[in-house]
Amino acid sequence: MSSSPRRAAVLGKPVEHSLSPVLHGAAYAALGLPDWTYERIEADAESLPGLVSGLGPEWAGLSVTMPGKRAALDLANEATPRATAVGAANTLVHLPSGGWRADCTDVDGVVGALRAAGGYTEGRTAMVLGAGGTAAAAVAGFAALGLELVRLVVREPARAEESAAAAKRAGLAVEVLRWSDVDFAAVTGDTDVLVNTVPPDAVAPYLAELAAVGCVLDVIYHPWPTPLAEAVAARGGRVATGLDMLLHQAFGQVEQFTGRAAPKTAMRDALREATGGILPLPLD
(Lines give C-alpha, C1' and ligand atoms only; values in the text may rest on other atoms or scores of the structure.)
Protein backbone atom coordinates (compact mmCIF):
# COMPACT_ATOMS: atom_id res chain seq x y z
CA MET A 1 0.00 0.00 0.00
CA SER A 2 1.40 3.36 -1.04
CA SER A 3 2.31 5.83 1.70
CA SER A 4 1.50 8.80 -0.58
CA PRO A 5 -1.05 11.30 0.76
CA ARG A 6 -4.54 9.81 0.96
CA ARG A 7 -7.83 11.09 2.24
CA ALA A 8 -10.69 9.54 4.16
CA ALA A 9 -13.72 10.91 5.96
CA VAL A 10 -16.88 10.14 7.87
CA LEU A 11 -20.13 11.15 6.18
CA GLY A 12 -23.34 11.77 8.08
CA LYS A 13 -25.83 14.32 9.34
CA PRO A 14 -25.24 15.44 12.00
CA VAL A 15 -21.57 14.54 12.00
CA GLU A 16 -19.82 17.23 14.01
CA HIS A 17 -19.60 15.09 17.15
CA SER A 18 -18.38 11.92 15.44
CA LEU A 19 -15.49 10.21 17.22
CA SER A 20 -14.34 8.44 14.07
CA PRO A 21 -11.61 11.05 13.42
CA VAL A 22 -10.12 10.19 16.82
CA LEU A 23 -9.90 6.50 15.90
CA HIS A 24 -8.65 6.91 12.35
CA GLY A 25 -6.23 9.69 13.23
CA ALA A 26 -4.66 7.53 15.93
CA ALA A 27 -4.47 4.60 13.54
CA TYR A 28 -2.77 6.50 10.74
CA ALA A 29 -0.25 7.98 13.16
CA ALA A 30 0.56 4.56 14.63
CA LEU A 31 0.92 3.09 11.14
CA GLY A 32 3.39 5.77 10.09
CA LEU A 33 1.06 7.44 7.60
CA PRO A 34 1.51 11.13 8.46
CA ASP A 35 0.19 12.31 5.10
CA TRP A 36 -3.15 10.56 5.52
CA THR A 37 -6.06 12.75 6.59
CA TYR A 38 -9.50 11.99 7.95
CA GLU A 39 -12.26 14.55 8.21
CA ARG A 40 -15.95 15.02 8.93
CA ILE A 41 -18.27 15.81 6.02
CA GLU A 42 -21.95 16.54 6.53
CA ALA A 43 -24.10 14.61 4.08
CA ASP A 44 -27.59 13.17 4.25
CA ALA A 45 -28.94 10.23 2.27
CA GLU A 46 -29.98 12.42 -0.65
CA SER A 47 -26.69 14.29 -1.06
CA LEU A 48 -24.37 11.36 -0.35
CA PRO A 49 -24.38 9.72 -3.83
CA GLY A 50 -23.50 12.92 -5.63
CA LEU A 51 -20.80 13.77 -3.13
CA VAL A 52 -19.19 10.33 -3.37
CA SER A 53 -19.30 10.24 -7.15
CA GLY A 54 -17.26 13.43 -7.31
CA LEU A 55 -14.35 12.18 -5.17
CA GLY A 56 -10.99 11.66 -6.82
CA PRO A 57 -8.41 8.85 -6.65
CA GLU A 58 -6.75 10.36 -3.56
CA TRP A 59 -9.70 9.12 -1.50
CA ALA A 60 -9.00 5.76 0.14
CA GLY A 61 -12.34 5.22 1.81
CA LEU A 62 -15.33 6.58 3.65
CA SER A 63 -17.03 5.84 6.92
CA VAL A 64 -20.78 6.32 6.67
CA THR A 65 -23.06 7.04 9.60
CA MET A 66 -26.76 7.82 9.73
CA PRO A 67 -28.75 8.62 7.71
CA GLY A 68 -26.75 7.52 4.67
CA LYS A 69 -26.01 3.84 5.22
CA ARG A 70 -28.62 2.49 2.86
CA ALA A 71 -27.69 5.05 0.21
CA ALA A 72 -24.05 3.97 0.56
CA LEU A 73 -24.99 0.39 -0.21
CA ASP A 74 -27.13 1.42 -3.16
CA LEU A 75 -24.41 3.48 -4.83
CA ALA A 76 -21.65 0.89 -4.48
CA ASN A 77 -20.32 -1.05 -7.46
CA GLU A 78 -19.62 -4.06 -5.24
CA ALA A 79 -20.91 -5.15 -1.86
CA THR A 80 -19.80 -7.72 0.68
CA PRO A 81 -22.28 -10.45 1.64
CA ARG A 82 -22.74 -9.01 5.11
CA ALA A 83 -23.55 -5.54 3.80
CA THR A 84 -26.15 -7.13 1.54
CA ALA A 85 -27.52 -9.13 4.47
CA VAL A 86 -27.79 -6.06 6.69
CA GLY A 87 -29.19 -3.94 3.87
CA ALA A 88 -26.86 -1.05 4.70
CA ALA A 89 -23.20 -0.09 4.55
CA ASN A 90 -21.10 1.93 6.97
CA THR A 91 -17.93 1.53 4.90
CA LEU A 92 -17.06 2.49 1.33
CA VAL A 93 -13.66 1.51 -0.04
CA HIS A 94 -12.34 3.14 -3.21
CA LEU A 95 -11.54 0.51 -5.82
CA PRO A 96 -8.65 0.75 -8.31
CA SER A 97 -11.30 0.91 -11.03
CA GLY A 98 -12.64 4.11 -9.51
CA GLY A 99 -15.78 2.52 -8.15
CA TRP A 100 -16.66 1.72 -4.56
CA ARG A 101 -17.01 -1.46 -2.52
CA ALA A 102 -19.55 -1.41 0.30
CA ASP A 103 -19.10 -3.26 3.56
CA CYS A 104 -20.77 -3.22 6.97
CA THR A 105 -18.13 -3.33 9.69
CA ASP A 106 -20.94 -2.52 12.12
CA VAL A 107 -21.24 -6.31 12.27
CA ASP A 108 -17.65 -6.44 13.57
CA GLY A 109 -18.66 -3.78 16.07
CA VAL A 110 -21.45 -5.92 17.49
CA VAL A 111 -19.40 -9.12 17.52
CA GLY A 112 -16.31 -7.49 19.02
CA ALA A 113 -18.26 -5.60 21.66
CA LEU A 114 -20.20 -8.67 22.78
CA ARG A 115 -17.11 -10.85 22.95
CA ALA A 116 -14.62 -8.42 24.48
CA ALA A 117 -16.79 -6.29 26.75
CA GLY A 118 -19.91 -8.43 27.03
CA GLY A 119 -18.09 -11.67 27.72
CA TYR A 120 -20.13 -13.66 25.19
CA THR A 121 -19.05 -17.26 24.67
CA GLU A 122 -21.97 -19.26 23.35
CA GLY A 123 -25.73 -19.33 23.15
CA ARG A 124 -28.80 -19.85 20.99
CA THR A 125 -31.26 -17.00 21.56
CA ALA A 126 -30.85 -13.24 21.31
CA MET A 127 -33.21 -10.34 21.85
CA VAL A 128 -33.17 -6.80 20.47
CA LEU A 129 -35.14 -3.97 22.02
CA GLY A 130 -36.06 -1.47 19.31
CA ALA A 131 -35.83 -1.46 15.55
CA GLY A 132 -33.41 1.35 14.81
CA GLY A 133 -30.40 1.25 12.52
CA THR A 134 -28.34 -0.78 14.97
CA ALA A 135 -30.82 -3.65 15.02
CA ALA A 136 -30.08 -4.94 11.51
CA ALA A 137 -26.33 -5.00 12.16
CA ALA A 138 -26.98 -6.67 15.50
CA VAL A 139 -28.84 -9.57 13.95
CA ALA A 140 -26.07 -10.13 11.42
CA GLY A 141 -23.65 -10.11 14.34
CA PHE A 142 -25.75 -12.72 16.11
CA ALA A 143 -25.46 -15.00 13.10
CA ALA A 144 -21.69 -14.55 13.09
CA LEU A 145 -21.64 -15.52 16.77
CA GLY A 146 -23.55 -18.73 16.09
CA LEU A 147 -26.87 -17.71 17.62
CA GLU A 148 -29.95 -19.22 16.00
CA LEU A 149 -33.03 -17.22 17.06
CA VAL A 150 -33.62 -13.50 17.54
CA ARG A 151 -36.61 -11.85 19.16
CA LEU A 152 -37.29 -8.29 18.04
CA VAL A 153 -39.27 -6.36 20.65
CA VAL A 154 -40.77 -3.21 19.17
CA ARG A 155 -43.58 -0.75 19.81
CA GLU A 156 -45.15 -1.53 16.44
CA PRO A 157 -44.32 -4.77 14.59
CA ALA A 158 -44.36 -3.01 11.22
CA ARG A 159 -41.27 -1.08 12.29
CA ALA A 160 -39.31 -4.33 12.58
CA GLU A 161 -39.69 -5.35 8.95
CA GLU A 162 -36.19 -4.31 7.89
CA SER A 163 -34.50 -5.92 10.88
CA ALA A 164 -36.56 -9.09 10.48
CA ALA A 165 -35.62 -9.28 6.80
CA ALA A 166 -31.95 -8.80 7.71
CA ALA A 167 -32.18 -11.61 10.25
CA LYS A 168 -33.69 -13.96 7.70
CA ARG A 169 -31.00 -13.09 5.15
CA ALA A 170 -28.41 -13.86 7.82
CA GLY A 171 -29.98 -17.27 8.43
CA LEU A 172 -31.66 -16.61 11.79
CA ALA A 173 -35.12 -17.57 12.92
CA VAL A 174 -37.10 -14.46 13.89
CA GLU A 175 -39.89 -13.61 16.32
CA VAL A 176 -41.35 -10.11 16.26
CA LEU A 177 -43.03 -9.14 19.53
CA ARG A 178 -45.14 -6.10 20.33
CA TRP A 179 -43.65 -4.31 23.34
CA SER A 180 -46.96 -3.85 25.15
CA ASP A 181 -47.70 -7.58 24.94
CA VAL A 182 -44.34 -8.88 26.18
CA ASP A 183 -43.84 -10.67 29.47
CA PHE A 184 -40.23 -9.67 29.96
CA ALA A 185 -39.67 -12.11 32.80
CA ALA A 186 -40.72 -14.95 30.50
CA VAL A 187 -38.82 -13.97 27.36
CA THR A 188 -35.55 -13.24 29.16
CA GLY A 189 -35.58 -16.69 30.77
CA ASP A 190 -33.91 -18.32 27.76
CA THR A 191 -32.24 -15.22 26.29
CA ASP A 192 -28.46 -15.50 26.03
CA VAL A 193 -27.73 -12.04 24.58
CA LEU A 194 -29.65 -8.78 24.85
CA VAL A 195 -29.09 -5.71 22.68
CA ASN A 196 -30.85 -2.54 23.80
CA THR A 197 -31.25 0.26 21.27
CA VAL A 198 -33.94 2.30 23.05
CA PRO A 199 -33.56 5.16 25.56
CA PRO A 200 -33.11 4.46 29.29
CA ASP A 201 -36.61 5.66 30.18
CA ALA A 202 -38.15 2.99 27.95
CA VAL A 203 -36.47 0.10 29.74
CA ALA A 204 -36.64 1.54 33.26
CA PRO A 205 -39.79 -0.39 34.27
CA TYR A 206 -38.20 -3.70 33.27
CA LEU A 207 -34.67 -3.44 34.65
CA ALA A 208 -35.00 -6.38 37.03
CA GLU A 209 -36.17 -8.71 34.27
CA LEU A 210 -33.69 -7.51 31.65
CA ALA A 211 -30.75 -7.70 34.06
CA ALA A 212 -31.29 -11.45 34.25
CA VAL A 213 -29.58 -11.71 30.85
CA GLY A 214 -25.89 -12.10 31.60
CA CYS A 215 -24.55 -10.62 28.33
CA VAL A 216 -25.94 -7.21 27.38
CA LEU A 217 -25.06 -4.65 24.74
CA ASP A 218 -26.56 -1.26 25.62
CA VAL A 219 -25.85 1.06 22.72
CA ILE A 220 -26.33 4.05 25.03
CA TYR A 221 -23.12 5.21 26.70
CA HIS A 222 -23.78 8.85 27.57
CA PRO A 223 -24.41 9.52 30.35
CA TRP A 224 -22.71 6.47 31.80
CA PRO A 225 -23.52 4.22 33.53
CA THR A 226 -27.07 3.69 32.32
CA PRO A 227 -29.65 2.25 34.71
CA LEU A 228 -29.63 -0.95 32.64
CA ALA A 229 -25.86 -1.25 32.95
CA GLU A 230 -26.06 -0.75 36.70
CA ALA A 231 -28.78 -3.38 37.03
CA VAL A 232 -26.83 -5.93 34.98
CA ALA A 233 -23.64 -5.29 36.95
CA ALA A 234 -25.54 -5.73 40.23
CA ARG A 235 -26.61 -9.17 39.02
CA GLY A 236 -23.04 -10.11 38.08
CA GLY A 237 -23.53 -9.77 34.32
CA ARG A 238 -21.40 -7.94 31.78
CA VAL A 239 -22.27 -4.97 29.62
CA ALA A 240 -20.92 -3.80 26.29
CA THR A 241 -21.80 -0.36 24.92
CA GLY A 242 -22.09 1.65 21.76
CA LEU A 243 -18.61 2.96 22.45
CA ASP A 244 -17.26 -0.60 22.33
CA MET A 245 -19.12 -1.06 19.05
CA LEU A 246 -17.61 2.11 17.62
CA LEU A 247 -14.12 0.92 18.48
CA HIS A 248 -14.47 -2.57 17.06
CA GLN A 249 -16.14 -1.49 13.84
CA ALA A 250 -13.30 0.96 13.17
CA PHE A 251 -10.66 -1.77 13.06
CA GLY A 252 -12.00 -3.23 9.84
CA GLN A 253 -12.35 0.18 8.24
CA VAL A 254 -8.73 1.05 8.93
CA GLU A 255 -7.58 -2.27 7.54
CA GLN A 256 -9.64 -1.90 4.37
CA PHE A 257 -8.58 1.69 3.82
CA THR A 258 -4.86 1.19 4.43
CA GLY A 259 -4.25 -2.48 3.67
CA ARG A 260 -2.51 -2.86 7.03
CA ALA A 261 -3.42 -4.44 10.33
CA ALA A 262 -5.25 -2.03 12.61
CA PRO A 263 -3.18 -0.76 15.57
CA LYS A 264 -5.91 -1.74 18.02
CA THR A 265 -4.25 -0.66 21.24
CA ALA A 266 -3.39 2.80 19.91
CA MET A 267 -6.94 3.27 18.67
CA ARG A 268 -8.46 2.09 21.95
CA ASP A 269 -6.21 4.37 23.99
CA ALA A 270 -7.08 7.38 21.85
CA LEU A 271 -10.79 6.72 22.19
CA ARG A 272 -10.53 6.30 25.94
CA GLU A 273 -8.67 9.59 26.24
CA ALA A 274 -11.20 11.40 24.06
CA THR A 275 -14.09 10.13 26.19
CA GLY A 276 -12.54 10.78 29.59
CA GLY A 277 -11.87 7.12 30.32
CA ILE A 278 -15.53 6.42 31.12
CA LEU A 279 -15.22 2.83 29.84
CA PRO A 280 -12.38 0.31 29.84
CA LEU A 281 -12.95 -0.72 26.19
CA PRO A 282 -11.34 -4.19 26.41
CA LEU A 283 -9.86 -5.62 23.23
CA ASP A 284 -10.28 -9.32 24.03
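Strands here are DSSP runs of type E with at least two residues, helices are runs of H or I with at least four residues, and both are numbered from the N terminus. The model is predicted: local features need pLDDT of at least 70, side-chain atom pairs count only at pLDDT 80 or more, and totals for chains, interfaces and linings use all residues. Residues are numbered from 1 along each chain as its sequence is written, and side-chain values use heavy atoms, with hydrogens and water left out.

## The parallel sheet

E7 belongs to an open sheet of six strands, ordered E9-E8-E7-E10-E11-E12. Its pairing is parallel. The edges are strand E9 (173-178) and strand E12 (238-241), each pairing on one side only. From one strand to the next, the twist averages 20°. Two strands count as paired if DSSP finds at least two bridges between them.

| Strand pair | Sense | Bridges |
|---|---|---|
| E7 and E8 | parallel | five bridges |
| E7 and E10 | parallel | four bridges |
| E10 and E11 | parallel | three bridges |

Strand E10 covers residues 193-196, and strand E11 covers residues 215-218. Val195 finds its bridge partner in E11 at Leu217.

Helix H6 packs on this sheet. H6 touches E7, strand E8 (149-154) and E10, and its direction makes about 170° with that of E7. Contact means heavy atoms within 4.5 Å. Axes are lines fitted to C-alpha atoms, for helices over the stretch in contact, and angles run from 0 to 180 degrees between N-to-C directions.

How much of E8 is buried? Six of its six residues are, so E8 is largely enclosed by the rest of the structure. Buried means under 20% relative accessible area, exposed means over 50%, and partly exposed lies in between (1.4 Å probe, protein chains only). Leu149, Arg151 and Val153 point one way from E8. Val150, Leu152 and Val154 point the other way. E10 is likewise covered on both faces. Val193 and Val195 are buried on one side, Leu194 and Asn196 on the other.

Ser180 sits in the loop between E9 and helix H8 (184-187). Is Ser180 buried or exposed? Ser180 is exposed, with a relative accessible area of 61%. Its C-alpha atom is separated by 9.2 Å from that of Glu156, 24 residues apart along the chain.

## The mixed sheet

A further open sheet has six strands in the order E2-E1-E3-E5-E6-E4. Here the pairing is mixed. Strand E2 (37-42) and strand E4 (78-79) are the edges, each pairing on one side only. E3 and strand E5 (residues 91-94) run antiparallel and share three bridges. Leu62 has Leu92 as its bridge partner in E5.

Helix H12 packs on the sheet, touching E1, E2, E3, E5 and strand E6 (100-103). The direction of H12 makes about 10° with that of E5. Helix H1 (residues 20-30) lies across strand E1 (7-12), E2 and E3, at about 165° to E2.

Helix H5 (residues 106-116) is mostly covered, with nine of its eleven residues buried. Among them are Asp106, Val107, Gly109 and Val110.

## Pockets

Pockets are found on a 1 Å grid over the protein atoms alone: a pocket is an open set of points where a 1.4 Å probe fits, with protein on both sides within 12 Å along at least five of seven lines, and lining residues have an atom within 4 Å of a point. Grid points are joined across faces, edges and corners, and a volume is the space filled by probe spheres set on the points.

The largest pocket holds about 1300 Å³ of space. Its lining has 41 residues, with Thr65, Met66, Lys69, Asp106 and Thr134 nearest its centre. Strand E3 (59-64), helix H3 (69-75), helix H6 (133-144), helix H7 (161-169) and helix H12 (242-258) each supply at least two lining residues. H12 gives the most, with five. By class, the lining has 18 nonpolar, 15 polar and eight charged residues. Ala, Val, Leu, Ile, Met, Phe, Trp, Tyr, Cys and Pro count as nonpolar, Asp, Glu, Lys and Arg as charged, and the others, Gly among them, as polar.

The second largest pocket has a volume of about 210 Å³. It is lined by 14 residues, and Gly130, Ala131, Gly132, Thr197 and Val198 are the closest to its centre. This lining divides into six nonpolar, five polar and three charged residues.
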